[in-house]
Amino acid sequence: MSLTLQTSIQYLKGVGEKRAKLLQKLGIATLEDLLWAFPHRYEDWSHITGIQQAPLGEPCCIRAFVDHAPVEHQLRHGMTLYKTRITDGSGVLGLTIFNSGYLAAQLKPGEEYLFYGRVSENFLQREMASPQIAPVSEARLRPVYPLTEGITSRQLEILVKRALDEVLPQVKELLPEALRKQYGLLPLNKALLNIHRPESLDSAQNARQRLAFDELFLLQLGLLRLKLGGAAEASPALSPEPAMDFLRTLPFEPTRAQVRATEEAAADMAKPVPMRRLLQGDVGSGKTAVAAALLYSAVENGWQGALLAPTELLARQHHQTLQKLFEGRGAMPELLLGATPAARKKRIKAGLASGSLPLVVGTHALLQKDISFARLGLVVVDEQHRFGVRQRDAVSHDTAGSKLKPHMYAMSATPIPRSLAMVIYGDLDISVLDELPPGRLPVETYCVGPALRQRVLRYVAKHLDEGRQGYIVCPRVEEDEAGELAAATQFAEELKAGIFANYQVGLLHGKLKPKQKEQVMEAFAAGDLQLLVSTTVIEVGVDVPNAVIMVIENAERFGLSQLHQLRGRVGRAPGMGKSTCILISGADNEEALRRHALMKETNDGFRIAQEDLQMRGPGDFFGQRQHGLPPLRLANMLTDTQLLRLTREAALRLAEEDPRLELPEHRALQNAVTRMFL
Ligand code: ADP
Ligand code: MG
């Protein structure tokens, strides 16, 4: 890359260190980066309206002469107004500028400018307050940039203009010519120019099309590269027998879906290439048993297994579950967390490195550089959306003792539509658990207003009296400033002092020390605590069969899928009778009512996820947190369906022709893919 392309923002005259830092926070470090800071909409300064014809209350652009130098008016509270009048032959418009003496001083009487803003009218005259002002040469579509924090859209526009002048000519085309022609896409430099300085909305749209194509195309190439790159590597071929044996000796009868999923994965693992498979299954569908069977198989085949969980709570619980399931089978899992004492950690690490330790459960701690395995055969990643794409692979990097790459099995309880799954999990094969264990009753769900809270709590107490346990979920740890949200800490105190004075009440939230969390969770699992007041830390995976009632405070604060995940913490054991979930919410707008109705009506996680998508849009649902993919600037995975299809087709074809993007004409693409997944 040439020097100019890399010109650091900091060294540009007029940017200044402070602004350079702000830009850096937005991911803009060089002049070239500015080209990829896209506007999110445009203001039409090309369409000039006469003062008399200007629509009231809507943004418009007026071209007019300044009548006299703005006159300063001091108001109370230190406010200053500058007033003048402008004329365009059709009429006179009063102009008010707030506080900006600098802007006011720039307006020269008798000169003509563009004024962009909203016109209002009183009985005296038409007026425009706080207009944007520009020289008449700026009568065109002007971009509006979404980056605000300390940097205005106009400041950014000026910087981008500079980037367009200085580095755009050196930007190299990314796409092979034939491909670009085939999909009727603009050349890259033309698209970059047109998205920042379009001649018309059409040309801006064409530019967007090209640049969004690039995003989705690179994304899919990256995922395919992971998948196909994996296919070129070697993994241990493991006999499928032990996995199936394991299923047969579980304390319960496996569902048909569990058997099928285990067969699919075991067949993958029997091949000498790395498995990359995702197991999708609703909460409570029994994913853990499938994972355990596969881990057992790895160990029986003479290899090591690792189970990766997103939280310490979940890692601990998996550890306990596996300990139970592996009882009497020869291999006992160890647990490795950030909080594991140093001496113990050292021992576990040594065991993993020497191969004497066959099975480990852990959190991100397992991804540390200094952890290596002698013969790692399988990595299971639970709640995989909590990890990034790169982390899915991280554990497998360092298999010191073996040249072979471990198999990878990811699990997720957040189902998504097939077309999206193909992109988001483009690097994975998919199995589905579409069946719940028998005898599982749907969780009965009710929604009530805060007025009924006391009755709800008495209903909870009744369950505790019958020897059952319950959860109360609050959105926050502590009371927020406005004090309107139920906060776990205060709420727990209130309950302990009040209605639950004679019960054992525990408190669980993310700010507790790991040791404390562990103690609380253990006490709850052992039945020593009857009621657990908690934040959403219990959202993923927590499994205490005797807990049959859950109350969710401020339910309007949670997404549908999240409510469903939370609700999945109860009703987990057949034979416990029906379980209950009560949503408490003061919201009574139409959307809230629709959400409540849906939660009452269905226990089907797939359906709930679909509705969630439709109601909240992909921005929320597919925030980076949800899928771990690199962020997209332009493309929208939910609405750009046509582009998704085209780019997938193009990516598949290219990957077939040149899977590692090694041909010289694909080098630029290869670099771009690598950068995107950094
Ligand atoms: P999830 O898919 O949400 O991770 P889990 O693996 O935690 O679900 O399983 C939920 C509960 O169902 C656990 O208590 C587990 O022991 C139980 N379970 C799993 N499979 C079966 C089955 N086939 N029959 C009965 N109970 C099962
Ligand atoms: Mg689970």
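Reader: Where does Leu278 lie?

Author: Leu278 is part of strand S10, which covers residues 276–281; helices (H or I, at least four residues) and strands (E, at least two) are DSSP runs numbered from the N terminus. A caution on sources: this is a predicted model, where local features need pLDDT of at least 70 and side-chain atom pairs count only at pLDDT 80 or more, while totals for chains, interfaces and linings use all residues. Residues are numbered from 1 along each chain as its sequence is written, chains are lettered from A and ligands numbered from 1 in the order in which they are written, and side-chain values use heavy atoms, with hydrogens and water left out.

Reader: Is Leu278 buried or exposed?

Author: Buried means under 20% relative accessible area, exposed over 50%, and partly exposed in between (1.4 Å probe, protein chains only). Leu278 has 0% relative accessibility, so it counts as buried. Setting aside residues up to four places away in sequence, Leu278 touches Gln384, Tyr425 and Ile430, among others; contact means heavy atoms within 4.5 Å.

Reader: What about nonpolar cores?

Author: In soluble globular proteins, nonpolar side chains tend to be buried together. A nonpolar core is a set of buried Ala, Val, Leu, Ile, Met, Phe, Trp, Tyr and Cys residues joined through side-chain atoms within 4.5 Å. Here the largest has 81 residues, and Leu34, Phe213 and Phe217 touch the most other members. Helix H8 (residues 201–231) gives the most to this core, namely 11 residues. Apart from that core lies another of 41 residues, including Leu238 and Ala291.

Reader: How should I read a helix pair, say H11 and H12?

Author: Two packed helices are described by the angle between their axes and the distance between the axes. Axes are lines fitted to C-alpha atoms, for helices over the stretch in contact, with angles from 0 to 180 degrees between N-to-C directions. For H11 (residues 287–300) and H12 (residues 312–325), the axes come within 11 Å and cross at roughly 60°. H11 and H12 are therefore oblique to each other; under 35 degrees counts as roughly parallel, over 145 as roughly antiparallel, 65 to 115 as roughly perpendicular and the rest as oblique. Thr288, Ala292 and Leu295 of H11 make the contact with His318, Thr321, Leu322 and Leu325 of H12.

Reader: How many disulfides does the structure hold?

Author: A disulfide is a pair of cysteine sulfur atoms within 2.5 Å, and the structure holds 0 of them. Cys61 is in no disulfide, and its nearest cysteine sulfur, on Cys60, is 7.5 Å away. Cys61 is buried, at 1% relative accessible area.
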